[in-house]
Amino acid sequence: MARCISVFSVLTIGAALFGTSQTAGAGLVSFELLPDGTTVPTDNAALDHSVLGPYVTGGTSFVLGFDTDSVFGIDEWARYESRSDPGSTIWGYLTGPGAGPDGDLTPTGVGGDWLLRQTNSNRGEPLVNIFQGHEFLVEYSGVLPISASGEIWDLDNGESFRIDALNSSLDVMASITTPPVPRNALPGVTFEALPFTFSFSGLPEGIKALRVSGLDRGVGGGFAFDNFNATQPAGVVPEPSSLALMGLGIAGLAGRRLRRRRADADQAA
């Protein structure tokens, strides 16, 4: 798949500046809907931002997917996975008795009906394996946040991950590593059908990207992502490219107004 971040840098900034909102709610994206905020996903369908557009919350836009060639940028899409379809069990995200396929053992069902996963070559999808050097990315445009959070699900067989927050220079500002989880431990010791929540806050610069890397597959090997909070705090300014486009937009509006005034003056004369 062709690398598409340069397209997004225009698409998402335009959405951020001119309000073509495509997200649900105040910063929390649960993946229960497509980026248009109204359409329910299709099980196993690609989150193809080149067709669906970015998620947008306030002045912040973002896209999600996988970097499989170590040249920074998304080159393979994540897949939507249904928790409610009993036949939708995927490799790498299996839950034990009491949870059912693609289960959710939280008391209030915080996972909802949908999550994002990596591809599954057993289904004829392109090979993506976060434990073979492929990385999951969330890439921001527009108003860059200094806070973000999300959930990695079903750490139950020795899997471990590192989540990095990167600035506009792609330098790591902060990292979080998931806790060690015993392999094949009893329920209550692992995160089986439960979320591990990571959170960054108060970073010195805006977050240009979040990067999730697989450190140890244990005897598991899957990756499931959900409930991403992308709200930016008040007072964070847009990245420079956004400011440049904003200036061009304001200049264009000013030029049109000036031409209109001159035309009105000519008609009055």
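Buried means under 20% relative accessible area, exposed over 50% and partly exposed in between, with a 1.4 Å probe and protein chains only. Strands are DSSP runs (E, at least two residues), numbered from the N terminus. This is a predicted model, in which local features need pLDDT of at least 70 and side-chain atom pairs count only at pLDDT 80 or more, while totals for chains, interfaces and linings use all residues. Residues are numbered from 1 along each chain as its sequence is written, and side-chain values use heavy atoms, with hydrogens and water left out.

Strand 8 covers residues 148–153, and six of its six residues are buried. In a regular strand the side chains alternate between the two faces of the sheet. On one side of strand 8 the buried residues are Ala148, Gly150 and Ile152; on the other they are Ser149, Glu151 and Trp153.

Two strands pair if DSSP finds at least two bridges between them.

| Partner | Sense | Bridges |
|---|---|---|
| Strand 11 (residues 195–200) | antiparallel | six |
| Strand 13 (residues 224–229) | antiparallel | three |

Glu151 is opposite Thr197 in strand 11, and Ile152 is opposite Phe225 in strand 13.

The loop between strand 11 and strand 12 (209–216) holds Gly206. Its C-alpha atom is 6.1 Å from that of Asn167, 39 residues away along the chain. Leaving out residues up to four places away in sequence, Gly206 has contacts (heavy atoms within 4.5 Å) with residues including Leu144, Pro145, Ile146 and Asn167.

Lys208 is in the loop between strand 11 and strand 12. Lys208 counts as buried because its relative accessible area is 19%. A polar atom of the Lys208 side chain lies 2.8 Å from the backbone oxygen of Tyr140.

How values were computed: Helix = DSSP H or I, 4+ residues; strand = E, 2+ residues; numbered from the N terminus. Polar contact = N/O pair within 3.5 Å; in protein donor to acceptor, adjacent residues only side chain to side chain.
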